[in-house]
Amino acid sequence: MKPPIPKRVVVKIGDVYCVEIEGKYKSYFQYIADDFYQLNSWVIRIFYKRYKIDENPSIEEIIDDKVVSYIHTTIAAGVKQGLWYKVGKAPEIGLSSQKDILFGTTTHYARTLGEPDVDPANNWEIWHLGDLDATFVGFLPEIYWDKINDGALWPPIAILSIFKYGFLTWIWDYNQFKHYPRPDAEIYLKKLQDNGVLTYYHFLGENALQQIEVVGKRVVLLDSVHPSEDDYHLVAQPFSDFKWLPYNFISEQEFKAAWENKEFIFPEIHPNKDR
């Protein structure tokens with residue numbers, strides 16, 4: 001059971017917090033450092049293991065786990081919003097050196113004041129935790145794609161997707177590094193294709209399990225038992241190679257309504273076209 005939200009929130013390095021996801025399981029993170037370059041904001045490490053809601057692992061067990069991600073967020077705001085709560089503190093913060101953690105960000109705004117907007121794909125900067133400044137690299141070299149952590153300062157609600165899926169969903173397609181899902185992550189998407197076909201996807205980790213193609217009044221249901229029909233095929237590419245935008249993510253309930261009851265919700269026209 002979640003404790004009551006405290007009136008005053010005190011946050012200290014080493015604190016460990018619990019996140020309960022949709023009443024199904026618990027996950028944990030730890031506050032490990034302040035990042036001078038990113039507005040002196042709080043840096044947390046998110047642990048991989050999930051626990052049952054009624055489990056109460058020890059602090060030692062929680063922090064003796066691999067790290068999914070390092071991310072900047074406002075811990076106290078998350079407590080106030082009831083998104084997580086403190087469970088303890090550990091002196092061990094998992095850092096032999098802050099240089100072990102690499103962050104990167106990009107934007108369509110030029111680095112030089114007064115310059116016109118630029119292509120964000122060619123506007124990356126990177127830095128290690130503890131650096132006083134970042135290094136501009138332009139196009140993000142592929143050697144960083146599996147090493148870099150998103151360096152933006154994220155609101156608490158945004159980082160819940162890391163606990164649920166293993167990656168951030170609040171990003172745009174100019175982020176060049178791949179986003180690998182947890183193998184147990186149930187992911188539901190909806191995309192309006194350029195040809196007017198509305199497609200729903202259900203992934204389990206990297207693999208597509210179900211797919212719905214809505215073509216005018218025709219509905220095609222695809223799964224591992226029935227993977228193709230005419231020109232329609234269950235997507236074979238892994239999720240980490242799949243192109244999506246933040247508004248493509250939908251709930252399990254919406255997907256099931258479409259699959260079982262053929263209740264389709266057509267997305268509104270969005271300025272950033274699906275790819």
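This is a predicted model: local features need pLDDT of at least 70, side-chain atom pairs count only at pLDDT 80 or more; totals for chains, interfaces and linings use all residues.
A salt bridge, as I use the term today, is a side-chain nitrogen of Lys or Arg within 4 Å of a carboxyl oxygen of Asp or Glu.

Let me begin with Asp 15 and Lys 86, whose side chains meet in a salt bridge with an N to O distance of 3.3 Å. Asp 15 belongs to strand E1, residues 15-21, while Lys 86 belongs to strand E6, residues 85-89, so that this pair links distant parts of the chain, 71 residues apart. Asp 15 is buried, because its relative accessible area is 1%, whereas Lys 86 counts as partly exposed at 43%.

The next pair is Lys 164 and Glu 22, which form a salt bridge at 2.6 Å, N to O. Lys 164 lies in helix H3, residues 156-165, and Glu 22 in the loop between E1 and strand E2, so the pair ties together parts that are 142 residues apart in sequence. Both residues are partly exposed, Lys 164 with a relative accessible area of 25% and Glu 22 with one of 48%.

Then there is Arg 218, which forms a salt bridge with Asp 230, the closest N and O atoms being 2.6 Å apart. Here Arg 218 sits in strand E15, and Asp 230 in the loop between strands E16 and E17, 12 residues apart. Arg 218 is partly exposed at 33%, but Asp 230, at 57%, counts as exposed.

Finally, salt bridges that share partners join Glu 22, Lys 24, Lys 164, Glu 252 and Lys 256 into one network.

Terms used. Residues are numbered from 1 along each chain as its sequence is written. Side-chain values use heavy atoms; hydrogens and water are left out. Helices (H or I, at least four residues) and strands (E, at least two) are DSSP runs, numbered from the N terminus. Buried means under 20% relative accessible area, exposed over 50%, partly exposed in between (1.4 Å probe, protein chains only).
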